[in-house]
Amino acid sequence: MSSIANQPNDGSEAVSSMENLLDHEYDGIREYDNPVPGWWHLLFWGSVVFGALYYFFFTFSPVSWTVQDRWERAQAAAYQRVFGELGELKPDAQTMQELMHNPQMMAVAKGMFATNCAQCHAKDGGGINGVNLTDNSYKNVRKLDDIITVLNKGANNGAMPAWETRMSQNERILLAAYAASLRGSVPAAPKAPEGTEIPPWPEFVPAAKKE
Ligand code: HEC
């Protein structure tokens, strides 16, 4: 009797404990029927059901979302806030230069470039299928605001896609400014220059000082 390990010390439940002893006996050691508590079962089966629902929802449901979706939604909201502050941008060289000298706007543009342009031009503008945007040679650009036209209409029969219908005007102007700002930077793996070498961008005079 004293060999029953789980028996309470005070002997109060000794009788019922004996009832919980199972028939199995191995070299004198007997098995005590000690079921896991109800809350444990609840947690266990709860996790199993939750896991299955989670898997099916996030793997197959058309209304589920990914971390990337949430990131993109947050990014879009952030752009909207930033663009709201900008108002309607003018598609001209002065506006582009104002943006090029605005570190906050260039930081926003960097993210947009990585999402939309880097697959062809590389993250640092060095060029992959798309041309190198960091050198002084251009195929379709002779002056700063030509870049806006290239973005709007595309180039080389769509090898460079047209973005007019895919992005707002503000986004296109901002990305044009970012593309221009890459000129003169040093990419990791630059593609050979293509096109014609063009003069440097005009010197920047902030609009506030022009009057
Ligand atoms: C599908 C690939 C692709 C994507 C995406 C792409 N480009 Fe291009 N881009 C090209 C190609 C190819 C050219 C060269 C066109 C040509 O040969 O005239 C080019 C040309 C350009 C030029 C003109 C360079 C020059 O020498 O005339 C600029 C500026 C430019 N891209 C900026 C961008 C920006 C900004 C984005 C993102 C909004 C972007 N590109 C997305 C492929 C792409």
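1. Tyrosine Y79 lies within helix α3, which covers residues 67-86. The structure under review is a predicted model. Y79 counts as partly exposed because it has 18 C-beta neighbours inside 10 Å, whereas a buried residue would need 20 or more. Between Y79 and M112 there are 33 residues of sequence separation, and their C-alpha atoms are 9.5 Å apart in space.

2. The remaining points concern helix α8, residues 169-181. This helix has 13 residues, and the distance from its first C-alpha to its last is 18 Å, close to the 18 Å expected at 1.5 Å a residue.

3. Helix α8 is largely enclosed by the rest of the structure, because 10 of its 13 residues are buried. The buried residues are R172, I173, L174, L175, A176, A177, Y178, A179, A180 and S181. Their cover includes three helices: α4 (93-100), α5 (103-116) and α7. Two of these, α7 and α5, are taken up in turn.

4. Two packed helices are described by the angle between their axes and the distance between the axes. For helix α7 (residues 146-153) against α8, the angle is about 125° and the axes are 9 Å apart. The two helices are therefore oblique to each other, since an angle from 65 to 115 degrees would be needed for roughly perpendicular and one over 145 for roughly antiparallel. The crossing of α7 past α8 is right-handed.

5. On the α7 side, the contact involves I147, I148, L151 and N152; on the α8 side, it involves R172, I173, L175, A176, A179 and A180.

6. Helices α5 and α8 cross at roughly 95°, and their axes come within 9 Å. That angle falls in the range of 65 to 115 degrees, and α5 and α8 are therefore roughly perpendicular to each other.

Methods. Residues numbered from 1 in each chain as written. Predicted model: local features only at pLDDT ≥ 70, side-chain atom pairs only at ≥ 80, totals over all residues. Helix = DSSP H or I, 4+ residues; strand = E, 2+ residues; numbered from the N terminus. Buried ≥ 20, exposed ≤ 12 C-beta atoms within 10 Å, placed from the backbone. Axes fitted to C-alpha atoms, helices over the stretch in contact; angles between N-to-C directions. Parallel < 35°, antiparallel > 145°, perpendicular 65-115°, else oblique. Left-handed = near helix turned anticlockwise from the far one by under 90°. Contact = placed C-beta atoms within 7 Å. Expected span 1.5 Å × (residues − 1).
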